[in-house]
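I open this notebook to record what I looked up, beginning with the contact between the chains and then turning to helices, a sheet and domains.

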Amino acid sequence: MVFANKLSLACGLAAAVLAGGASAEGKISIAQQFGIGYLILDVVRDQQLIEKHGKEQGVDIEVDWNSISGATAMNEALLAGALDVVSAGVPPMLTVWDRTKGRQNVKAIASLGSMPNYLLSNKPDVKTLKDFTDKDRIAVPAAGVGFQSRTLQLETAKLYGDKEFKRFDNISVSIPHPDATSALIAGGSEISAHFSSPPFQYQALENPKVHKVLSSYDILGGPATFNVLYTTQKFHDDNPKTYKAFYDALVEAAQIVKADKVAAAKTYIRVEKSTLSEAFVEKIVKDPEIDFTVVPQRTFIYAERLHELGVLKNKAQSWKDYFFEEAHGGEGS
Amino acid sequence: MSLSPPVRQEYEVTLEPFTQSELVRDISLPRRIWQQAWVRKGVILLALAVLWELAARWQNNDLLLPSFLQTANAFIEGVAPGELLSKVWISLTVLIKGYLIGIVLAFGLTTLAVSTQLGRDLLSTLTAMFNPLPAIALLPLSLLWFGLGENSLIFVLVHSVLWALALNTYAGFLGVSETQRMAGRNYGLRGLRFVWHILIPAALPSILAGLKIGWAFAWRTLIAAELVFGASSGKGGLGWYIFQNRNELYTDKVFAGLAAVILIGLLVENLLFNTFERLTIKRWGMQR
């Protein structure tokens, strides 16, 4: 694989030289995951905003959209050079930033919106985190390392002390959201809790047996970014125009979503070919807790706490350390 | 007309006088060292390590390919606080449980097969059905039946050991010569005693081959199963260790986990199986 990379790089260089030193501008491959958290990208894709802003910059941009599930696959594709821009939760992005600092220098481009993630349970006697026993199993998409697990670790460290932050990892199980949601609603399996995400958590909560134990907003102290887009320093530096067109497209998409939430909900159903009802998606998009914005919110809590817990080796001075400078203008945190 | 055959002249070859050459010869020290198997194997390993180190330095990106020294360091750092060892221990206990159950079942099935006609048909049908089925493909089913945890892992392990071992053992039993069988009958051995005293010792080379294959299959299945899901992350074994470190982008620890898998494979092969072979089939002159 490594050799193939070098080879493809060499071929790419040779091609560039042959083409008369044309720069690599004009191409971007983006990967998104599934769920309402990627609504901004759906709007960008639906309205071809990258192409539009590319024309304003004077470049024709060819956009390649991919769907990948899970931060690990995203990170590997990014580091192997198969994708230019990938998206995942804040903690996985911080992990790549930490490991690639001084090498590929992976940094975040923009937030994809702030939304709460709920810890749900179908056991009536589980009201707080302290009510979980060894017999319970908490379903999360990626045990130990995903957004949900890391958020749970922050809360665990708060309750039981920093040394105990992995306490609930022992009862965490890696299960994709759709399976975990149906297991929780059906009951009868070991799965008694699920650290969910929109839209799955709202589907689960429609069942009277399921109740909310905790929200990621409670843990982080208010509205906080869920997903971010990130890329390598190399892509950012080599493609200034494409990068700017992409960033502008994101900003415009966020404005479009805020201006007409009904249309945004329809876009989501159309692009993702979702089977959810329009009223249901509309309710989520209109939820006052959810804010579709490219401005990062409360991401620094992760950077700070995860460094203190020893998960991250590098200490960030501010959120600007792990965001590219285009994002620095807003009132991020 | 008479044909006379050509007459060949007779002659005598005088042998050179016989001189006894020296029976004991001195081999130079380097050659004597080179004749030790472990030295040759060590040199191969060392060459591989040097190649690896050079490739990693040339690549100069320890996120994609950590160097040998970094991996060794990660391995020592993993072993010293006992984290890696405890993971190995978790994996091994599950593995041995599945392996032993698989062996018992395989011997039960083959004993049945050599003693009754129906048993023979049962074994041949079952092995034909299940041997090609990858054990890991049964994992989702096993999770449904046995829930998340050790039991579902043991189920897939038994599946991976059972058929390979049963097939080898049965083939070994069939290959036992009539002479040995008749010798056994002459002593009045029947049923289980016949299997234990005649068939098993006579078929030991193929049984051992089956045990080795079963062991390798079981290891592979276990690591793959743990990679797909760790029963629960706190109790996951070596596969889970590799998986989690991959998630956290600690490539050197991923390599350390892989090295642990390889080391255990080497230890079991060289210590366990080789010793057993030396004490049985090599001592009995059944295998070189």
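**Entry 1: the chain contact.** I looked up the contact between the chains and found 17 residues from chain B and 21 residues from chain A, two residues being in contact if their C-beta atoms, placed from the backbone, lie within 7 Å. On the side of chain B that touches chain A, helix α11 (residues 238-247) of chain B gives the most, with 3 residues. I note that helices (H or I, at least four residues) and strands (E, at least two) are DSSP runs, numbered from the N terminus. That side of chain B has 6 nonpolar, 8 polar and 3 charged residues. Ala, Val, Leu, Ile, Met, Phe, Trp, Tyr, Cys and Pro count as nonpolar, Asp, Glu, Lys and Arg as charged, and the others, Gly among them, as polar.

I record that this is a predicted model, in which local features need pLDDT of at least 70 and side-chain atom pairs count only at pLDDT 80 or more, while totals for chains, interfaces and linings use all residues. Residues are numbered from 1 along each chain as its sequence is written, and chains are lettered from A and ligands numbered from 1 in the order in which they are written.

**Entry 2: a helix pair in chain B.** I followed α11(B) to helix α12 (residues 251-279) of chain B and found the two packed at an angle of about 165 degrees, with their axes 8 Å apart. Axes are lines fitted to C-alpha atoms, for helices over the stretch in contact, and angles run from 0 to 180 degrees between N-to-C directions. α11(B) and α12(B) are therefore roughly antiparallel (angles over 145 degrees). Among the residues that meet, I noted Leu238(B) and Tyr241(B) in α11(B), and Val254(B) and Leu258(B) in α12(B). The residues of this contact divide into 7 nonpolar, 2 polar and 2 charged.

**Entry 3: a sheet in chain A.** I found an open sheet of 5 strands in the order β7-β6-β8-β5-β9 (chain A), with mixed pairing; two strands pair if DSSP finds at least two bridges between them. Its edge strands are β7 (172-174) and β9 (211-215) of chain A. The twist averages 30 degrees from one strand to the next. Strands β5 (residues 118-121) and β8 (residues 191-195) of chain A pair in the antiparallel sense over 3 bridges, and Leu119(A) has Phe195(A) in β8(A) as its bridge partner.

**Entry 4: domains of chain A.** I noted domain 1 (24-114 + 225-329) and domain 2 (118-220), with bounds from an automatic or database domain assignment. Their contact takes 21 residues from domain 1 of chain A and 17 residues from domain 2 of chain A.

How values were computed: Parallel < 35°, antiparallel > 145°, perpendicular 65-115°, else oblique.
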